[in-house]
Amino acid sequence: MSFEFDLQQVDHLLTTTRAVRKRLDLTRPVPRELILECLEVAVQAPTGGNTQRWRWVVVDEPEKKAALADMYREGWGPYLESQKAVRVKQGLEADTRVSDSADYLADHFHEVPAMLIPCLLDRGDGPGYWGSVLPAAWSFMLAARSRGLGTALTTIHLMREREASELLGIPDTVSQAALIPVGYYTGDDFKPAKRRPAAEITYFNEWKQTLGS
Ligand SMILES: Cc1cc2nc3c(=O)[nH]c(=O)nc-3n(C[C@H](O)[C@H](O)[C@H](O)COP(=O)(O)O)c2cc1C
C-alpha cells in the first residue's frame, strides 16, 4: 500500500506558512541544530540539472546581525516609498497590513534570533538560476513552521549585497538569494491568507480560458 498523507495536516502547513514578523519571539534563542534539521529537509528540493550549487549561511552573532539589520534598514525606507508609488499607479489600496508588519520587522531586524542566507555558488541570473535555490528556501520555511519556527523571505538587504558578503566572508563569485529571519513564533496557529481563487487565474490551453468559461 502506498504511503498516505494526512492531507488536512499537509494542506494546513502549506496554506498557513506566512511571513512572520510581529509574531517572532525575539527573546528565545533558536538552536543551531534545529536550523540544520530544517535545512536537511530543505536540501531535498529540486535544482536545475540536480546541480545543488547552494550553500547556506546562518548568522546568529549579535554584531553581525546588527550590521545586516543596518543594511536592511537602509534599503527598507526607499523600497517602501517605491512600493507605495507602484500601488497608486496600479490603482490598488495601500496594503497597510503588510507594511505595518514589515516596518516592525525592519525596526527589530537586529533582534531576530537567527538569520539564514541561502547562497548560490557562481553568479548568474534567470529562472533556472534562482529556481535552483528558492524552492529549497521555501522548503526550509515549511520545515521551520512545522517545528514552531516563524520565518519571512526577505530580499531588501541585497541592495547592499557586496557589503553583506564582505561582512560574512562570502566570496565575490557567490550570490546571496535572500535573508530569512528565523525565530520561534508566538501564539498558537496561523490562518490561510486572502488570495484570488486559483480557478480565476488558471487558464486551460488558451490565455484567459478558465475552467468552465
Ligand atoms: C521574492 C520575495 C521577496 C520578499 N522580500 C521581503 C522583504 O524584503 N521584506 C519583508 O518584510 N518581506 C518580504 N517578502 C515577504 C512578502 O511580503 C510576503 O510573502 C507577502 O506579503 C505575503 O504575505 P504572507 O506570507 O503573510 O501571506 C518577500 C517575499 C518574496 C516572495
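Accessible areas were computed by the Shrake-Rupley method with a 1.4 Å probe. The model is predicted. The accessible surface of the protein comes to about 12,900 Å². Carbon and sulfur atoms account for 54% of that surface. Of the 213 residues, 37% are buried.

The radius of gyration is 19 Å. This agrees with the value near 17 Å for a compact globule, because that is what the rule gives for 213 residues. The C-alpha trace spans about 55 × 50 × 40 Å along its principal axes. Among contacts with a separation of 6 or more, 81% link residues 24 or more positions apart. The protein carries 25 positive and 29 negative side chains. The centres of these two sets lie 4 Å apart.

The secondary structure consists of 7 helices and 5 strands. Along the sequence, the pattern reads α-α-β-α-α-β-α-α-β-α-β-β.

Strand E5 covers residues 180-184 and is mostly covered, with 5 of its 5 residues buried. In a regular strand, side chains alternate between the two faces of the sheet. In E5, both faces are covered. One side holds Ile180, Val182 and Tyr184, and the other holds Pro181 and Gly183; all are buried.

E5 pairs with E2 and with E3. Strand E2 (residues 114-121) runs antiparallel to E5 and is joined to it by 3 bridges. Here Ala114 stands opposite Val182, a residue buried on one side of E5. Strand E3 (residues 149-151) is also antiparallel to E5, again with 3 bridges. Leu149 has Tyr184 of E5 as its bridge partner. Tyr184, like Val182, is buried.

Technical notes:
Residues are numbered from 1 along each chain as its sequence is written. This is a predicted model: local features need pLDDT of at least 70, side-chain atom pairs count only at pLDDT 80 or more; totals for chains, interfaces and linings use all residues. Side-chain values use heavy atoms; hydrogens and water are left out. Buried means under 20% relative accessible area, exposed over 50%, partly exposed in between (1.4 Å probe, protein chains only). Helices (H or I, at least four residues) and strands (E, at least two) are DSSP runs, numbered from the N terminus. Two strands pair if DSSP finds at least two bridges between them. The radius of gyration is taken over C-alpha atoms; the globule rule is 2.2 Å times the number of residues to the power 0.38. Contact means heavy atoms within 4.5 Å. Lys and Arg count as positive and Asp and Glu as negative; His and the chain ends are not counted. The place of a charge is taken as NZ of Lys, CZ of Arg, CG of Asp or CD of Glu.
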